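I opened this entry to keep track of what I looked up in the structure. My notes follow in the order in which I took them.

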Amino acid sequence: MTAELDEDALVPLRVTVNGRAQALACGGGETLLTLLRERLGLTGAKRGCNQGLCGACTVLLDGQPVRACLTVAATCADRRVETAEGLLRGARLSPVQQALVDGGAVQCGFCTPGMTMALTALLRAEPRPDAARVREALSGHLCRCTGYVKIVEAALAAAEAQAQKGADGAAAGDADARAEGAAP
Amino acid sequence: MSADGDAPTSVGLSSPRIDGAEKAGGKAKYADDLSAPDMLYGAIATSPIPAGRILGYDLSEARAVPGVVAVLTAEDLPQRRVGSFVKDETTLARGRVRYVGEPVAAVAAETREAAELAAQLVLVDYEETPAVCSLDEALAADAPRVHPEQADYARQGDAAAEGNVFWSAEIVEGDPDAAWAECDVVVEEVYETPAQYHAYMEPCSALVEPDLGGRFTVRSAAQSIFYLQGRISEELDLPMARIRCVAPRIGGGFGGKNGVNVQPIAVALARVAERPVKITLSRSQDIEMLRSRHPARIRMKTGAKADGTLVAREAELWFDAGAYVDESPAVMSFGLLCSRGPYRCPNVRVRGHAVYTNKLKAGSFRGFGNPQATFASESQLDALARRLGLDGLALRRRNAMAPGDHWLGGQRVDACAMRECLDALEARMAAEVPALPPPEEGWARGVGVSGLSHISGLMGTSAAVNLRSDGTVALSTGVVDIGQGSDTVLPQICAEALRLPPEAVAYAAQDTDSSPYNWKTAASRITYTAGRAVMQATVEMRQRILEHAAELLECGVGDLELAPGGAVRIAGSDRSVSFREVAARAFNRIGGPIMGQHAFAFDGPRFDPKRAAMSNFAFDNLGVYVFGAVGLVADVDRETGKIVVQKVWSAHDIGRAVNPQSAEGQVQGAVVQGLGYALLEELIWEDGRLANPSFMDYKIPDGLDAPAAITPILVEDAPEETGPFGAKGVGEAGIVGVAPALANAVADAVGVRLTRIPMTSERVLDAIEGRASEAPASRTA
Amino acid sequence: MDHAMRFAEPDSIEEVLSLLAADPEARCLAGGATLVAMMNAGLTAPSLLVSLRKLPGLASIDPQADGAVRVGAMARHATVAAHDGFAGAQAILAAAARRIGHPAIRTMGTIGGSISHADPSADYPTAITAADAVVEIAGPEGARAVPADEFFVDWLETALAPGEIVTGVVVPPDATDAAVHYEKFTRADGDFATVAAAACVALAEDGAVAALRVAAGGVAPTPIRRREAEAALIGRPLTEDGLAALGAALADLSDPIDDMRGSADYRRRLLPRIVGRAVRRAAAAFTARSGARSGTGPQAGGVA
Ligand SMILES: Cc1cc2nc3c(=O)[nH]c(=O)nc-3n(C[C@H](O)[C@H](O)[C@H](O)COP(=O)(O)OP(=O)(O)OC[C@H]3O[C@@H](n4cnc5c(N)ncnc54)[C@H](O)[C@@H]3O)c2cc1C
Ligand code: FES
Ligand code: FES
């Protein structure tokens, strides 16, 4: 019944968010989504339903897509969290983000960060997915604006662009290629 | 830019959205992403019963929750009722509640948890009264009245209000009573369509910041900053000068954020708390509290000659409006206007009724009454074609409107590519349907088509442009981009009129303090209506640019032309001045930038009383009709009733595609929203309470439910003379014909016609197996 | 209310059990996909969350000496879906896991959480019932094992006593080397089942049914099976009549509800059809796998 701040119940939490180690404290039942949005000001992950049903809050936890709204923040101790903001290199979009913009796959944009994270995980694991794999990876991500067609096309374009870059002789490893490779 | 003389610099290019990067990068700020120092969280207590009197409140427990700063009920707010057509609404329920989910009290507290807890602890003493939760119940002879005090409300006209029917309207052309005798075949049927939830991905949210001067800045999920400002002013008795509305990014609207949602409540809380207040609805509250598409029942009758020529159409429409009038007269009237569809038919009588029920409000939603009417009309045309042994497309082509024909109501239509759309659709389908892989064993395949139409012009808007000292352009309108892309498309129109690339035009964020007026982002009106204002404002500025350039080049204005990339030259020569030089001169001469502005209210051809008798029609004028046709291939599982849509083609008479990629995206999104409407989506009430207010129970299509192939066909054969570069709107039309096309495909596949949507697997199986459906449904049928 | 909720993430079972024993309002937390959704909806507010994430050995899938496979309670759906160490009927767990929700739900949710929640429309309860799996339980009174059949007691109710937790699911070896199929009928992608059926089928050389196990979900408060009806099909070729009899037997036992996924009547009608599909497809998979086409194809691959 009491809603007053109970400092005793705060859980210390060390977590790496977008590459930066953070020492925080969170409520025992606080979700990762609340932690990101309200404690860290990272509002890229959106709260579309708070029930795991829309995908807008999807982030990567140790590289795997999870619903931040259903993830108890305290279970993220000593783990890595990545959000849409973390894919940026300065003001430069990641290849997936850029492909979504270029492909007309962003309308209202509310679903976009979640879609971005799911696609990022997919392309890291499977650099050349086909359209069916892309749809499978995006299943459970609701978009009310686009009808999904351009999102799938953009994902395939991102894969293609990444493969081109690989073929063009970027010798660096996968992750590095992603980070460095987009230099114009 | 190349020196190429006539190549477009901007219009017709698929420029990426200007807000795309910040959205994809997770940096775009939607209302709930914002906060303010010292901010309180608001929460709303809602009615748990569909109908009842409020006898009293006990707020002591709510106030006792630690951290609670303010608790408000209707008793703390100005005693006034508001509404555009009928003044029947209050900010918080006063005296009576009329639906489960209706706001009754509001709380502001230091934490969201405290606010939510306190909202739950608001104790209201209700005396429950009988409720009407379906059309049948509301229309029964001795039905309890949703608004017993209805006669006292201020309203526009009397609109034949009777009982729970608060607005009836009619359009008559020709002599339908006599015409039935001329028909070789007549079909008649009753159609039912559901309450569809908008399901924009961003739940409604508002952040209100008061300042020490008694002014409130409102950043919220809304489709119009000006409508919102006016409405808050009216509800809370605050002068507009004390309300500033600013548009953050909006996570979709589809009409659902057209009216106000939580903003007046948030302002009321901020006013008493004297601190910023943010209210963000949970998904369930958003569903239960706000609006849906009108559930409708439509009785329709159509007669034709043996060759398929339409002779007569009669329809009666009942729109279930929920507990408050809101925009229902307009939605229902527009449904009437669309009840003949884009076809010639000389004898028509359509009558519509908007009805109060004890459910959440029905309001505007992509298509605005048209999807309901078109579901009936296009299903019926197909049934007619079958009866006559004619091909569905051929029947539509035989009756399709052509330039110079009149819309129902008598407006003459000059730009009309209906036939071209039917032809384009037929050609694509003829080539691509046979190439589809065959259906799985046990599944039956069907092909269905539907014509479609919509409008793209109404109400007023304005735009302002000025030339900055570096020769680039600043454009400003009051149009809120709810995801449909106006932030990209309107600058494209401006840029093209100046032969600039799109990036040379900076577009201002919308703010009631500085933006020129716009009505709403609604009714597909932005590309045409706002685009036209942008065009005219830009043309005005262009004229001044030419005048300055003529003085600089010492020639006549008539000798000049624009060169691509921001310059004016003497035609046929290489003598030119850049916009930068022109701008510099203007700053010296007139002490500021060259400007252009334009405001107009929609001014197209009017309804023609000589052709049609119209009574209680809720619009003065609207128009710029758009046409189209949609076709699809669907497979039906005979054993389970499941429908899988394999491919969709959607042809649109768009006039001119300002940004083809953006137009395609609008069409594809609308098609999937239409498939949701046709297949899955229905708000269901049980005992006056919504039974499925979550995405767990209310399903919308995800990427695996949606067809992989949705092919937009943009037909640019009939540019609209008055539109910017010939453009008309496309935002809504894409949804209009989807449900009937699917019903037609199902009839084609399994030989039974469903007259009720959504066509859930269960209803389809019931139809295939000839059973009366027990599928879950509200008590409406 | 969040702030008042406490959190613990012990690294021994003993500690978990003592925390749960000390506080009846405490709940254990696995993937959170169900529990946190309920907390967010205001349906539950435990005083203490006891995370099982750090418990040793709970997340792995381990072969046992006798050919059984032990799936740890904290094994994620995605891990089970991708596991290739299942043999015969055991593989029904992977087939069901692949159909749970969406990718992110499968990276979060666990088998222990799913079966402990015991939603009859969920996928694992039906699958482990078909596989004759045994649920391993640890509690204040010690460890015990309960067959799946007895584990699911009623709608959202299991044989777990207060303070007990699931530690794993042991899937027995399948001497018949059956092929499996999990057939799930939903309104929309990723939804819980309207009706689902898990089938494990082995055929003899002559095409006769050698082994058959079928469980159905979404049609009663718990998953249902009719062993005697399964037995009646053994030793004969698979026929439509046989499948209909099995479907009818299951329908007799069913007790479906009306909800947003469909009416009870619709579920009753779907049940035999979904069961038929599951069995036919499992049989077809068996045939395809064994390559034993001659003679058995028509009966097994696609029942006339
Ligand atoms: C969007 C969405 C879609 C879904 N779709 C499906 C679907 O299609 N099919 C399907 O089957 N499921 C579906 N689920 C449910 C999902 O599989 C959950 O993961 C699962 O039901 C619960 O597992 P969990 O590990 O997340 O458990 P939690 O949510 O952590 O816990 C669930 C309950 O079990 C208790 N519990 C957890 N572990 C144990 C244990 N070892 N011993 C005793 N008690 C325990 C908890 O205290 C809690 O009461 C869906 C969930 C979501 C959010
Ligand atoms: S907010 Fe997490 S899935 Fe919708
Ligand atoms: S772009 Fe609006 S929800 Fe996807």
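I started with helix H9 of chain B, residues 328-337, in what is a predicted model. How many of the residues of this helix are buried? I found 10 of 10, so by the cut-off of under 20% relative accessible area the helix is mostly covered. The buried residues of H9(B) include Pro329(B), Val331(B), Met332(B), Phe334(B), Leu336(B) and Leu337(B). Ser328(B), Ser333(B) and Gly335(B) are also on the buried list, as is Ala330(B).

Next I turned to the interface of chain C and chain B. I noted 25 residues of chain C in contact with 26 residues of chain B. The area buried between the two chains is about 2,200 Å², and carbon and sulfur atoms give 50% of it. Which three residues supply more than any other three of the area that chain C buries against chain B? They are Met260(C), Arg269(C) and Arg273(C), with 28%.

Six salt bridges are found across it. For one between Arg771(B) and Asp265(C), I wrote down 2.9 Å between the closest N and O atoms.

Last, I asked which helix of chain C gives the largest share of the side that touches chain B. Helix H11 of chain C, residues 264-290, does, with nine residues. By residue class, I recorded 12 charged, eight nonpolar and five polar residues on the side of chain C that touches chain B.

Conventions:
Residues numbered from 1 in each chain as written. Chains lettered and ligands numbered in written order. Predicted model: local features only at pLDDT ≥ 70, side-chain atom pairs only at ≥ 80, totals over all residues. Heavy atoms only, no water. Contact = heavy atoms within 4.5 Å. Buried area = accessible area lost by both parts, 1.4 Å probe. Salt bridge = Lys/Arg side-chain N within 4 Å of Asp/Glu carboxyl O. Helix = DSSP H or I, 4+ residues; strand = E, 2+ residues; numbered from the N terminus. Nonpolar A, V, L, I, M, F, W, Y, C, P; charged D, E, K, R; others polar. Buried < 20%, exposed > 50% of the residue type's maximum accessible area, 1.4 Å probe, protein only.
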